[in-house]
Amino acid sequence: MDQKGSEPRAAWAVRLGYRVLGGLLVAIGVIGAFLPLLPSTIFFIGATACFARSSPSLEAWLLEHPRFGPGIRAWRDEKAIRPRAKIAALSGMAFGYAVFLISASPSLRLAVVVSVVLMACATYVASRPSGTEPDA
């Protein structure tokens, strides 16, 4: 089979892979909407990126979603994290670390490693532009 004949099949397989991955990320995002320590918006952002490569209609659906669309669009347009989402993310990290310390009773070394990783993540979140809250 020549190179030209395999391109459409390969392109179809890649689009299917992106669509499946996007669907998986949406499922995790939906679960995260109900679990307090699992973020949801980041999974919807990832799903939107996958759908941009595989399904424009699913991408548009996420971008126009009343709850998650504004956060996805803020990230896409400005690499911004809306103020309420930023507060929720930072609070969730602090709460998660406290639960980790209390429930796992980690060694000092592990506690420091986890602390450093979470502080790096928190610094990244805090350093992103805040953008603006959507109109209510």
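**Entry 1. Aromatic pairs**

I began in helix 5 (residues 83-104), where Tyr97 and Phe100 are 3 residues apart and therefore separated by about one helical turn. An α-helix has 3.6 residues a turn, so residues three or four places apart point the same way. I note at the outset that the model is predicted.

I then counted the aromatic pairs and found 2. In one of them, the rings of Phe44 and Phe68 have their centres 4.2 Å apart. Their planes stand at 35°, so I recorded the pair as tilted. I looked up where the two residues sit: Phe44 is in helix 2, and Phe68 is in the loop between helix 3 and helix 4. The pair therefore ties together parts that are 24 residues apart in sequence. Phe44 and Phe68 are both buried.

Tyr97 and Phe100 also form a tilted aromatic pair, with 6.0 Å from centre to centre and 40° between the planes. I checked their accessibility as well, and both Tyr97 and Phe100 are buried.

**Entry 2. Helix 5 against helix 6**

Two packed helices are described by the angle between their axes and the distance between the axes. For helix 5 and helix 6, I read an angle of about 175° and an axis separation of 10 Å. Helix 5 is therefore roughly antiparallel to helix 6.

I listed the residues that meet. Helix 5 contributes Lys86, Ala89, Leu90, Met93, Tyr97, Phe100 and Leu101. From helix 6 come Leu110, Ala111, Val114, Ser115, Leu118, Cys121, Ala122, Val125 and Ala126. By class, this contact holds 14 nonpolar residues, 1 polar and 1 charged.

**Entry 3. Helix 3 against helix 4**

I next examined helix 3 (residues 56-63) and helix 4 (residues 69-78), whose axes come within 7 Å and cross at roughly 105°. The two helices are therefore roughly perpendicular to each other. Glu59, Leu62 and Leu63 of helix 3 make the contact with Gly69, Ile72, Arg73 and Arg76 of helix 4. I sorted these residues into 3 nonpolar, 1 polar and 3 charged.

I also asked which residues of helix 4 are buried. They are Gly69, Pro70, Gly71, Ile72, Ala74 and Trp75. The cover over these buried residues includes helix 2 (41-52), helix 3 and helix 6 (108-127).

**Entry 4. Positive phi values**

Most residues other than glycine have a negative phi.

Lys79 follows helix 4 and has a positive phi, near 55°. This residue is found in the loop between helix 4 and helix 5. At 43% relative accessibility, Lys79 counts as partly exposed.

Ser105 is a further residue other than glycine with a positive phi, here near 45°. It lies in the loop between helix 5 and helix 6. I recorded Ser105 as exposed because its relative accessibility is 56%.

**Entry 5. Confidence**

Finally, I looked up the confidence of the prediction. The protein averages a pLDDT of 89, and 91% of the residues score at least 70.

Definitions and conventions. Residues numbered from 1 in each chain as written. Predicted model: local features only at pLDDT ≥ 70, side-chain atom pairs only at ≥ 80, totals over all residues. Heavy atoms only, no water. Axes fitted to C-alpha atoms, helices over the stretch in contact; angles between N-to-C directions. Helix = DSSP H or I, 4+ residues; strand = E, 2+ residues; numbered from the N terminus. Parallel < 35°, antiparallel > 145°, perpendicular 65-115°, else oblique. Contact = heavy atoms within 4.5 Å. Nonpolar A, V, L, I, M, F, W, Y, C, P; charged D, E, K, R; others polar. Buried < 20%, exposed > 50% of the residue type's maximum accessible area, 1.4 Å probe, protein only. pLDDT = per-residue confidence, 0-100. Phe/Tyr/Trp six-rings, centres within 6.5 Å; stacked < 30°, edge-to-face > 60°.
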